[in-house]
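I opened this notebook to record what I looked up in one structure.

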Amino acid sequence: MDLRLDEVDRRLLALLQANARESTALLARKMNLARTTVVARIARLEKEGVIAGYGVRLGARLEQSAVRAYCGISVMPKMAQSVMKVLEGFPEVEEVSAVSGQHDYMIFLRCDSNEKLDALLDRIGLIEGIRQTYTSVVLSRKIDRRGAIAAPSESV
């Protein structure tokens, strides 16, 4: 599929990412478009898989109270699938990415306390097939572009 997003698509996506609950009427006013145009564009973006769904982005209060960490894991050959199955069962595991370099996967973790993070890391280290782990605790987030598609040459 040849996916091409024009400036209007990018701006619409940026507005939706900032507030997915925004009404189409308000989106249309902000973009100086007809509401039917906005509705049609959203429907097209959903149909094409550009918009896969709508979710919740945690507020700063909850985000800052959490203990977050990146955990790199090295997995024994042919064990990745079973390791992923176990990791899927941990609600504290927010993301697992296959990566190049020293580790096979990077896991983003979010826990309520340092003690819970410590216990979770112990559980992860005991998963059959994990050869090695390396963890870095997030002290603060300096740049956060999650969920933001910049609208070219103008702010949203």
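**Entry 1: model.** I noted before anything else that this is a predicted model.

**Entry 2: helix packing.** I looked up how α2 and α3 pack. Helix α2 spans residues 24-31 and helix α3 spans residues 35-47. Their axes are 8 Å apart, and the angle is about 110°. I therefore put α2 down as roughly perpendicular to α3, since angles of 65 to 115 degrees fall in that class.

I then listed the residues that meet. On the α2 side I have Thr24, Ala25, Leu27 and Ala28; on the α3 side, Arg35, Val38, Val39 and Ile42. By class, the contact of α2 with α3 has 6 nonpolar residues, 1 polar and 1 charged.

**Entry 3: aromatic pairs.** How many aromatic pairs does a search of the whole structure find? I got 1. The partners are Tyr70 and Phe108, with 5.0 Å centre to centre and 55° between the planes. The pair is tilted, because only angles over 60 degrees count as edge-to-face and those under 30 as stacked.

I placed both rings in the fold. Tyr70 belongs to strand β1 (residues 67-75) and Phe108 to strand β3 (residues 105-111), so the pair ties together parts 38 residues apart in sequence. Phe108 is buried, at 8% relative accessibility.

**Entry 4: Arg11.** I found Arg11 in helix α1 (residues 7-18). Its relative accessible area is 17%, so I recorded Arg11 as buried; the cut-off for that is under 20%. I also looked for a partner to its side chain. A polar atom of the Arg11 side chain lies 3.3 Å from the backbone oxygen of Lys30.

**Entry 5: positive phi.** I checked backbone angles next. Most residues other than glycine have a negative phi, which is why I wrote down the exceptions I came across.

Asn32 has a positive phi, near 60°. I located Asn32 in the loop between α2 and α3, and with a relative accessible area of 71% Asn32 is exposed.

Lys78 also has a positive phi, near 65°. Lys78 sits in the loop between β1 and α5 (80-88). I have Lys78 as exposed too, with a relative accessible area of 87%.

Terms used:
Residues are numbered from 1 along each chain as its sequence is written. This is a predicted model: local features need pLDDT of at least 70, side-chain atom pairs count only at pLDDT 80 or more; totals for chains, interfaces and linings use all residues. Side-chain values use heavy atoms; hydrogens and water are left out. Axes are lines fitted to C-alpha atoms, for helices over the stretch in contact, and angles run from 0 to 180 degrees between N-to-C directions. Helices (H or I, at least four residues) and strands (E, at least two) are DSSP runs, numbered from the N terminus. Angles under 35 degrees count as roughly parallel, over 145 as roughly antiparallel, 65 to 115 as roughly perpendicular and the rest as oblique. Contact means heavy atoms within 4.5 Å. Ala, Val, Leu, Ile, Met, Phe, Trp, Tyr, Cys and Pro count as nonpolar, Asp, Glu, Lys and Arg as charged, and the others, Gly among them, as polar. Rings of Phe, Tyr and Trp (its six-membered ring) pair if their centres lie within 6.5 Å; planes under 30 degrees apart count as stacked, over 60 as edge-to-face and the rest as tilted. Buried means under 20% relative accessible area, exposed over 50%, partly exposed in between (1.4 Å probe, protein chains only). A polar contact is a pair of N or O atoms within 3.5 Å; within protein, one must be able to donate a hydrogen and the other to accept it, and residues adjacent in sequence count only if both atoms are side-chain atoms.
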